[in-house]
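Good morning, colleagues. Please look at the display as I begin.

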Amino acid sequence: MPTREIRAAELATPNGHFSHATEARGRLVFISGMTARNKDGGVTGVGDITAQTHQVCQNLKAAVEAAGGTLDDIARVDVYVRNMEDFAAIHEVRRQYFTAVAPASTLVEVSKFVNKDYLIEINAIAVIQE
């Protein structure tokens, strides 16, 4: 069973690219927080939330694919940002990567990350079909 979106009639339509809830059956894969750190160890898009969100999504894609899945298998994400004003830009990028069922999601603003150049970090839970 692929990931299925659950919408509650009692809730407003999400204002970003996420589902009220998701349901899936399979092997759980927990993906650590991904930042804009590229393969070479540098930070992609210093000062640019769009570039950093693309790098984060590419990193999530690489991690889930290494586990035998795809971005469509990601059922939940937790998103940490330095500036809540970046909400629209982040969701614009997310729509490009999460093209099937949008994952359930939480987004919170934080005061700092382990690297001063990071603007966003996303961790994820994937449910990969066996």
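Predicted model: local features only at pLDDT ≥ 70, side-chain atom pairs only at ≥ 80, totals over all residues.

In helix 2, which spans residues 87–97, the residues Ile90, His91, Val93, Arg94 and Tyr97 are buried. These residues lie on the same side of helix 2, because the arc they cover around the axis is only 160 degrees.

What does the face of helix 2 turned away from its buried side carry? There we find the exposed residues Ala88 and Glu92.

Four strands make up an open sheet with mixed pairing, and their order is 3-6-4-5. At the edges are strand 3, residues 27–34, and strand 5, each of which pairs on one side only. On average, and with direction ignored, neighbouring strands of this sheet are turned by 10 degrees against each other.

Consider now one pairing in detail. Six bridges join strand 3 and strand 6, which run in the antiparallel sense. Which residue of strand 6 is the bridge partner of leucine 28? The partner is valine 127.

Finally, helix 1 packs on the sheet, where it touches strand 3, strand 4 and strand 6. The direction of helix 1 makes about 30 degrees with that of strand 6.

Thank you for your attention.

Notes:
Residues numbered from 1 in each chain as written. Heavy atoms only, no water. Buried < 20%, exposed > 50% of the residue type's maximum accessible area, 1.4 Å probe, protein only. Helix = DSSP H or I, 4+ residues; strand = E, 2+ residues; numbered from the N terminus. Arc of directions from axis to C-beta. Pairing = 2+ DSSP bridges. Axes fitted to C-alpha atoms, helices over the stretch in contact; angles between N-to-C directions. Contact = heavy atoms within 4.5 Å.
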